[in-house]
Amino acid sequence: MEKLALFGGTPTVKETPNHMFKWPIITKEDEDAALEVIRGNKFSGVDITEKFCEEFAQWQGVKYALAYTNGTMSLAAAMFAIGLQPGDEIICTTKTYWASIVPANTFGAKAVFCNVNEMLSMDPADIEHRITPKTKALMVVHYCAYPCDMDAIMAIAKKHNLIVIEDVSHAQGGMYKGKKLGSFGDIAAMSMMSGKTFAAGEMGMLVTDNRDYYVRALAYAHHERFHEGYIEQLGELQPFSRISLGAVKGRVNQLCAALGRVQLKYYDERCAEIRKAMNYFWDLLEGLPGIRPIRVDESTGSNMAGFYCSNGLYLSEELHGLSVNRFCEAVRAENGSWCDPGANACLHTHPFFYDFATTPSDKDDSLQRSVDIECFSVPNFKCFDKEWIEAYAAGYRKVIENHEQLLAGDSHTKQETRWIGIGNKKQR
């Protein structure tokens, strides 16, 4: 047996190769675009943003794209766009960041949660029995860049006449069977904050082919463009023009829009290299007990965009019951970082939805299945460098092959959940 670093053995990775993880990639072209905004005092305009939205819509393959200050506001705008209102219900997976569903409370709607499958993705088999006459929409989250089963989900939505919102915050540019995520549902929204794969400072984007939804989304938070001088035929909203109907100002800072335009030029190319690196990493760990990759078969025409916040599944029973906490502790000792237990805590366990929400959610013991699925994070490589990828994979392999050393000191019984973005230094 090889002595693990946790017990004084030699660490597998002795230094952090910054080039493997630095993101976003900022070049002189990005800097020049930003300086143009700064020197021209164009922060609060819309000209650069409009160009970016046109380019993004073309790239996305939809008619309309609308930029917001952040992803949370774009998701709220999508809910306003579809007419979510008091008494409505919206179904969302319990394992996701809170912004996927909390804005529904603003409209007096009720959050209904469903389970994820073993890929941490919305489980189509757990949706239909949660639908009631009050159900208006499905919030489909492509969590950690893994594309949901859109064939099954769209069939359910069609059968029950439900609106589909896609949250693509983790998977901008990802594909499902040859079609881009965010173009299956009726409307989609996503974050482009600095930690995302598509990073443009702090921004959100909404996309749709539905003109009525686009106009309502514009009306929600873009008062400076919500009038007939900017867009013709406002229809039933015409009497309310020039006022933000969401009572918020959602116009993105054009510094972010300028960065977004440059990032878009190289985004697909950079994501392809990330996928090459991440798939190579998982190939090196293929067949090891206790862990399974969360990734798709790219030969089907699907992919995971830039593998945002990549995770693996953990099966403690294959490692003599070793807890995922102890496993991650040992990997961090070998590799320096990049291995934490769990992902976003399941939302149905947070008191917000029962003790604060305008329309409280129902407590549901069947959602325990999502809690019981154990996972762990892996390095988020941003470039393909075989030597370093092999080194990090070796750290995971070393821990698994010598895991029996960890059993005696394992005091953990269950993975720790993390309320991402609520008092946490790391946001995954």
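Start by selecting the buried residues of helix H5: Tyr213, Tyr214, Val215, Ala217, Leu218, Ala219, Tyr220 and Ala221. Buried means under 20% relative accessible area, with a 1.4 Å probe and protein chains only. Helices are DSSP runs of H or I with at least four residues, strands are E runs of at least two, and both are numbered from the N terminus.

This is a predicted model, in which local features need pLDDT of at least 70 and side-chain atom pairs count only at pLDDT 80 or more, while totals for chains, interfaces and linings use all residues. Residues are numbered from 1 along each chain as its sequence is written, and side-chain values use heavy atoms, with hydrogens and water left out.

**Around H5**

Show all of H5, residues 211-221. Eight of its 11 residues are buried, so the helix is mostly covered. Contact here means heavy atoms within 4.5 Å.

**The core**

Next, select Phe56, Met203, Met205, Phe281, Phe327 and Phe376. These have the most contacts inside the largest nonpolar core, a set of 151 residues. Such a core joins buried Ala, Val, Leu, Ile, Met, Phe, Trp, Tyr and Cys residues through side-chain atoms within 4.5 Å. Helix H6 (residues 254-284) gives the most to this core, with 13 residues.

Center on Phe327. Beyond its neighbours within four places in sequence, Phe327 touches Ile291, Tyr314, Leu322, Cys339, Phe376, Tyr396, Val399 and Ile400.

**H6 against H10**

Bring up H6 with helix H10 (residues 386-401). Their axes, lines fitted to C-alpha atoms over the stretch in contact, come within 9 Å and cross at roughly 40 degrees. H6 and H10 are therefore oblique to each other. On the H6 side, pick Ala277, Tyr280, Phe281 and Leu284. They meet Lys386, Ile389, Glu390, Tyr392, Ala393, Tyr396 and Arg397 in H10. The residues of this contact divide into eight nonpolar, no polar and three charged.

Move to Asn335 in helix H7. Asn335 has a relative accessible area of 2%, so it is buried. Leaving aside neighbours within four places in sequence, Asn335 contacts Thr12, Val13, Ala391, Tyr392, Gly395 and Tyr396.

Last stop: Pro341, in the loop between H7 (324-335) and helix H8 (352-356). Pro341 counts as buried, at 8% relative accessibility. Draw a C-alpha to C-alpha distance from Pro341 to Arg225: the two are 45 Å apart in space and 116 residues apart in sequence.

Note on methods
Buried means under 20% relative accessible area, exposed over 50%, partly exposed in between (1.4 Å probe, protein chains only). Axes are lines fitted to C-alpha atoms, for helices over the stretch in contact, and angles run from 0 to 180 degrees between N-to-C directions. Angles under 35 degrees count as roughly parallel, over 145 as roughly antiparallel, 65 to 115 as roughly perpendicular and the rest as oblique. Ala, Val, Leu, Ile, Met, Phe, Trp, Tyr, Cys and Pro count as nonpolar, Asp, Glu, Lys and Arg as charged, and the others, Gly among them, as polar.
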